[in-house]
Amino acid sequence: MKGTGGAQPSARTLRATRHNENSGANEEHIKEEEEADRDAPGPLTTSRKQPVKEEPKAETPPKPRKRQKVKKEDPVAAQMVKLAPVPPTAYTGPFPKLMRPSPEECRAARDGLARLHGEPEHAKQIKPDPEAGADSLHTHSQQQVLDSLVRTILSQNTTDNTSHRAFASLKGAFPTWEEVLQAPSGKVEDAIRMGGLAEIKTERIKAILSTLKQERGKISLEYIRDMEDDDIKNELTRFKGVGPKTVACVMMFCLARDEFPVDTHVWRISKNMGWVPAKANRDDTYRHMNIRVPADLRYDLHVLLVEHGKRCARCAKNGKPRKESHGDCPLVNLQGSAPAKDLLDEDIVKEEAKDMEEDDIVKQEVKVKEEVAS
DNA sequence: TTGGCCCCTGAATG
DNA sequence: ACATTCAGGGGCC
């Protein structure tokens, strides 16, 4: 009922058409310069800050960072931040002082989990193979990205089993996306009903198909294969029903990018392990882990943590695994393996949590002041 | 900003 | 054996 009210994708669609071409690359460079600048221990600390800020190009830095903003507005606080220990690598996430999971810990977790659950299967990349020529593989890859996106949308709010069935059922009923777009919504809903939220998902999928056809004359997402990571994220999240986790999955599974999707299992285990503060939300966890987990471990670690989260009595939600156990949890050893460092990490986690609370207080004070002023 | 809501499956509980 | 309850799953408002 509620979901049907938004039959107009136009607002979002319009908003999105503007981030194309070069902007992403520029922002990247600016960001890198900023970070390099901040990391430099040299004495030139006071001379900067204006030039970058006034850069006319970077008018709207859209989303990242939120609590740091509060600190930066206060010059004194900004100084203190500058003096605080800075990680060796540039860090733009929400928990700068939290160094876990270390690369070694990630590696150990991956290896331990792989020993328990087996080595993750890496999907063969469907790249246009020059030797293969233009054959059916190519035709298949035409819709591969869109398939992956729809598959992931269908997996939202439901288990693997039912979402696979829903996707198969949809494909069976409507072999091409054009047919899905033309079909009455009721028929599409019937095809995916077993996955849950059929009305909502149908509306969202059709909106995507319709937008693609309208904008590009072709119901395909293959064009994002060549785009930069940030551009892909902008391009996909503009669609209603496509959030960060869905995009990360498409990018990691289908496009082989170095993404680390944070689903409910990864989120829960990350908190339990102290890799993020216990009160971290999913988005902050995503941003932290995508920096801390080494790129070459992200795929394996994601797949293994999800599997582990379903099977391990210790790591499953409420201690109730949904699938049969494969054995003792290898993650237990990680926390105890480096005692001195561990204490430090725990302290850091607490410190981060405290920082967050303090920031909240500051924010509230600011808000109160604003309200009083107005 | 947070948490309630969306809805079907299948396991758990009565 | 059947009926009922409830967790799971991500995004939106």
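Guide: Buried means under 20% relative accessible area, exposed over 50%, and partly exposed in between, using a 1.4 Å probe and protein chains only. This is a predicted model: local features need pLDDT of at least 70, side-chain atom pairs pLDDT 80 or more, while totals for chains, interfaces and linings use all residues, and side-chain values use heavy atoms, without hydrogens or water. Residues are numbered from 1 along each chain as its sequence is written, with chains lettered from A and ligands numbered from 1 in written order.

Visitor: Is Cys329 buried or exposed?

Guide: The relative accessibility of Cys329 is 11%. Buried means under 20%, so Cys329 counts as buried.

Visitor: How many disulfides does a search of the whole structure find?

Guide: A disulfide is a pair of cysteine sulfur atoms within 2.5 Å. Searching the whole structure gives a count of 0.

Visitor: Which cysteine sulfur is nearest to Cys329?

Guide: Cys329 is in no disulfide. The nearest sulfur is 3.8 Å away, and it belongs to Cys315.

Visitor: Which residues surround DNA strand B?

Guide: A residue is near a strand if one of its heavy atoms lies within 4 Å of it. By class, this surface has 2 nonpolar, 3 polar and 2 charged residues. They are Asn161, Thr162, Arg165, Arg193, Met194, Gly196 and Leu197.

Visitor: How far is a polar side-chain atom of Arg165 from a phosphate oxygen of DNA strand B?

Guide: A polar contact here is a pair of N or O atoms within 3.5 Å. Asn161 has a polar side-chain atom 3.4 Å from a phosphate oxygen of DNA strand B. For Arg165, the distance to a phosphate oxygen is 2.9 Å.

Notes:
A polar contact is a pair of N or O atoms within 3.5 Å; within protein, one must be able to donate a hydrogen and the other to accept it, and residues adjacent in sequence count only if both atoms are side-chain atoms. Ala, Val, Leu, Ile, Met, Phe, Trp, Tyr, Cys and Pro count as nonpolar, Asp, Glu, Lys and Arg as charged, and the others, Gly among them, as polar.
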